[in-house]
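I opened the notebook to record, entry by entry, what I looked up in this structure. The entries follow the order in which I went through the coordinates.

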Amino acid sequence: FFRTKHMAAKKDGMFGIVAADGSGDVLVDFRFDYLLWNPFAGMYAACWGGKDEYGFVSYQGKVIIPNILTEYGEPCYGHMILETQDKMGILDLRNSHFVLPEYDLIEGYVIERTGQFIPADEYDEENMSDEDIVYNTFD
């Protein structure tokens, strides 16, 4: 169970963010068409401006990722795949760094100990330590 000090609320058909303490304090005005807290990303998936595509916003309402996404994947080893109609990008959940969807396919490996992502064409199994547990993103 995730506890936050904020939550999405709907008023007059639009979503905003309010304090979760019952005070009714509005933290972010009601300007979104849709909001859903994503505890793994630490951000809200959001739609705004009448668009059907998603973006991500902070609990302060700051746009982190523009609303260009048609899908976003489940978290996997500290990363989340971001997708548009025909391109892919990636979000690093540990630090919120991201690459907007601009690639046809994202294939690579994630080292569990460090969370480092290594593209498939740069991966060298012979130089990996026996302590490194590696997961691929494409099986």
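**Entry 1, N67.** I began with N67, which I located in strand β7, keeping in mind that the model is a predicted one. Looking for what its side chain reaches, I found the backbone oxygen of W48 at 3.0 Å. I also listed the contacts of N67, leaving aside neighbours within four places in sequence, and noted A46, W48, K51, E53, Y54 and G55.

Next I looked up which residues form the largest nonpolar core, and I wrote down 10 residues: A41, M43, A45, F56, I65, L69, M80, L82, L91 and L93. Strands β5 (43-47), β7 (63-69) and β9 (79-83) each supply at least two residues of this core, and β7 is also the strand in which N67 lies. A second, separate core has nine residues, including L35, Y44, A46 and W48; of these, A46 and W48 were already in my notes as contacts of N67.

I then stepped back to the secondary structure, which comes to zero helices and 14 strands. Of the 139 residues in the chain, 32% are buried. For contacts between residues at least 6 apart in sequence, I noted that 22% join residues at least 24 apart. The chain exposes about 8800 Å², and carbon and sulfur atoms supply 48% of that area.

I searched for nonpolar surface and recorded a patch of about 200 Å² made by I68, F98 and L100. F98 sits in strand β11, which spans residues 97-103, and with a relative accessibility of 32% F98 counts as partly exposed.

How many salt bridges does a search of the whole structure find? I recorded three, and went through them one at a time.

In the pair of R31 and D29, the closest N and O atoms are 2.5 Å apart. I looked at the accessibility of both partners: R31 is partly exposed at 38%, and D29 is partly exposed as well, with a relative accessible area of 43%.

For K87 and D104, I again noted a distance of 2.5 Å between the closest N and O atoms. This pair links distant parts of the chain, with K87 in the loop between β9 and β10 (88-92) and D104 in the loop between β11 and β12 (108-111), 17 residues apart. K87 is partly exposed with a relative accessible area of 25%, whereas D104, at 59%, is exposed.

In the pair of D92 and R94, the closest N and O atoms are 2.6 Å apart. I checked D92 in particular and found a relative accessibility of 12%, so D92 counts as buried.

Definitions and conventions
Residues numbered from 1 in each chain as written. Predicted model: local features only at pLDDT ≥ 70, side-chain atom pairs only at ≥ 80, totals over all residues. Heavy atoms only, no water. Core = buried A, V, L, I, M, F, W, Y, C linked by side-chain atoms within 4.5 Å. Buried < 20%, exposed > 50% of the residue type's maximum accessible area, 1.4 Å probe, protein only. Helix = DSSP H or I, 4+ residues; strand = E, 2+ residues; numbered from the N terminus. Contact = heavy atoms within 4.5 Å. Areas by Shrake-Rupley, 256 points an atom, 1.4 Å probe, with all protein chains shown as cover. Polar contact = N/O pair within 3.5 Å; in protein donor to acceptor, adjacent residues only side chain to side chain. Patch = residues over 30% accessible without salt bridge, like charges linked within 9 Å, V, L, I, M, F, W, Y side chains within 5 Å. Salt bridge = Lys/Arg side-chain N within 4 Å of Asp/Glu carboxyl O.
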